[in-house]
Amino acid sequence: MTPVAIPTRATLDHYRPAWRQVTARITRHLDHGAGHRWLDLEMPAGFARPAAGQFVQLLHEPPSPVLLPRPMSVAGVTTRRGRHTVGFLYAPVGAGTRALAALEPGDQVEVLGPLGRGYPLDAPGTPVLVAGGRGVAPLLFAADELAARGRRTEFVFGARTRGLLVGVSEAKTRLAGIGGRMHVATDDGSRGRRGNVLDALQALAPRLDGPLVLHACGPHGMLKAVALWALENGHSAHLAMESVMACGTGVCRGCPLPRSAESSGRFRRERADAPSLYGNVEYAMCCTEGPVFAAGDLDWSRVT
Amino acid sequence: MSGVAGAGRAVAPRSVDLSVKLGRLTLANPILTASGTFGYGDEYAHVVDLERLGAVVTKTVTVHPRVGNAPVRIAETPSGMLNSIGLENVGIERYAREKLPKLRSLGATVIVSVGGETARELARLVESLADERGIAGFEINFSCPNVARGGARYWAAPRRLERTVRLLRGLTRHPLIAKLSPDVTSIADTAIACEQGGADALTAVNTFVGMAIDLEHARPKLARRTGGLSGPAIRPLALARCAEAVAAVRIPVIGSGGIMSGRDALEFIAIGAAAVQVGTASFVRPRASEEVLDEMRAWLAAHGYRRLADFRGAATEGGGGRPAPRGKTRAGARGLREEP
């Protein structure tokens, strides 16, 4: 492996909590294919516009079937007269999301957000969105945002099988407007290239103008492969990580991810300025420093 | 309103006197944040009016910074959550330099939670903060279930507790509050030990040791295998331990465990707790502590209580559902301790 400059965040820029906890109304709640649901929430005035890659903590009105709010990544935002409608794409797989799936337009939920830090969509380079399965949610939003900036964007989308390519047609529509292309891979070859997202990425990369800026979301195994590939090949990559969370705001210290040696060193040097809502010299907090991390920020050998 | 004997007609919520005394410390109201669930206070300051709270108990601080336990640190369980954070904190130096001035500027009444592996470490913490302005008291964390040394098990020995509190008592004039573990053979014994050592008050209780299994991977959900259980799941357990502590000592006891609402908080007051701590609820609703305060005040007003003190202990044995007389009812205390 040739030594390369590790692309990382320039500094531990300050995190100023801008989140609020508000009551939001469901305006749309539909099946979205492959067992997924699309949820639109109308936010009250004063709720900040989320950035792509940020998340919210979603809580049922009492009595809630679960105790803790659920972190949900934002899949789209439309703004009319200063009011934001925030969209989510999710699969009802646990107790919290199954109960959520039963709610109807007109029902209310509690939303705490926006939380965390999103994708650096303005980073110079050719943007490539890399999605694995339902990890596509924040990348649909990222595609919208890049389209709004008029930046040509490539989209790599992998899933086990074609039925799990949820939202692929919408993503294609979003890309079409900016001359971007969709590159599909399935493990079973039922659609697109047979193989995983990394295979598709490796095939695509030589045909693009470098350097690439990868924005990825999916299972941690996939994100690790994308991160290591990017580090080896001199591209920057930004990975939306997952963790069990309690508060989502940096207070409970429940969602640590292991820092890379480089990130630890930087933290040690800049610690005096690092907000206490961030992690510490060994761990970064997924909720405040993430959920989007640069490839060089984490110790991938310890990411599970 | 009916159902509470001795209560008069509804009064204006504003006129309810919620003040409490914890030794020499007088608080405007009995709502405290539980250590570890409210950060260092400033993190929630943009949504919570810290000045309104009885006190902010800050995240346990240790002599040196701690990075905390390896993930996974959190698991949700029915009506509760397990945590295994491992006393991650910024260390005393940064706490004094950065956090205390911030909290002073926010007008919070600050109770500093300190944790140590030995009595010496606790002494060092209390001594090094002795001259800092803006500290209303210390809470000694004798009950963290998630550390290898200096945790709940180490501090479960009454003689060690008594010796340590006595040592700290000699080092500061600030009120000392001992936070107790529920995972002991007799919380009355640990409570009495702290009282004998000179504690001004007790907090009962910290989290219960618990465990959850990820069946698919056939391993505990938490990396450190066990964690501390909190949330509504533990409220009845915590209430019973708290009642036992209340009955065992004459010093005030701060109730803690699964309080999500004003009514929950009043259950602890009813069994004789002087004040309460709101913990896990803040993770669900960051404004939970203020909401608990407002709900408590409204309930007392609707039931005709002009003073929180008139309701305290109403459900102790001997309380008889009536407003408890001022001071401890020793009959109630004996009754509880003599339960088989």
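In the predicted model, residues 24 or more positions apart account for 72% of those contacts in chain A that have a separation of 6 or more. Of the 304 residues of this chain, 51% are classed as buried. The secondary structure of chain A comprises six helices and 16 strands. Its radius of gyration, 19 Å, is close to the 19 Å given by the globule rule for 304 residues, and chain A is therefore as compact as a globular protein of that length. Along the principal axes, the C-alpha atoms of chain A occupy a box of roughly 55 × 50 × 35 Å.

Contacts link 26 residues of chain A with 30 residues of chain B. On the side of chain A that touches chain B, 16 residues are nonpolar, seven are polar and three are charged.

In chain B, eight strands form a closed barrel with parallel pairing, in the order E3-E4-E7-E8-E9-E10-E15-E16. From one strand to the next, the twist averages 25°. Within this barrel, strand E7 (residues 110–114) of chain B pairs in the parallel sense with strand E8 (residues 137–141) of chain B, over four bridges. Val112(B) is placed opposite Phe138(B), a residue of E8(B). Helix H4 of chain B, spanning residues 187–197, packs on the sheet. There, H4 of chain B touches strand E9 (176–180) and strand E10 (201–204) of chain B, and the direction of the helix makes about 165° with that of E9(B).

Notes. Residues numbered from 1 in each chain as written. Chains lettered and ligands numbered in written order. Predicted model: local features only at pLDDT ≥ 70, side-chain atom pairs only at ≥ 80, totals over all residues. Pairing = 2+ DSSP bridges. Helix = DSSP H or I, 4+ residues; strand = E, 2+ residues; numbered from the N terminus. Axes fitted to C-alpha atoms, helices over the stretch in contact; angles between N-to-C directions. Contact = placed C-beta atoms within 7 Å. Nonpolar A, V, L, I, M, F, W, Y, C, P; charged D, E, K, R; others polar. Rg over C-alpha atoms; globule rule 2.2 N^0.38 Å. Buried ≥ 20, exposed ≤ 12 C-beta atoms within 10 Å, placed from the backbone.
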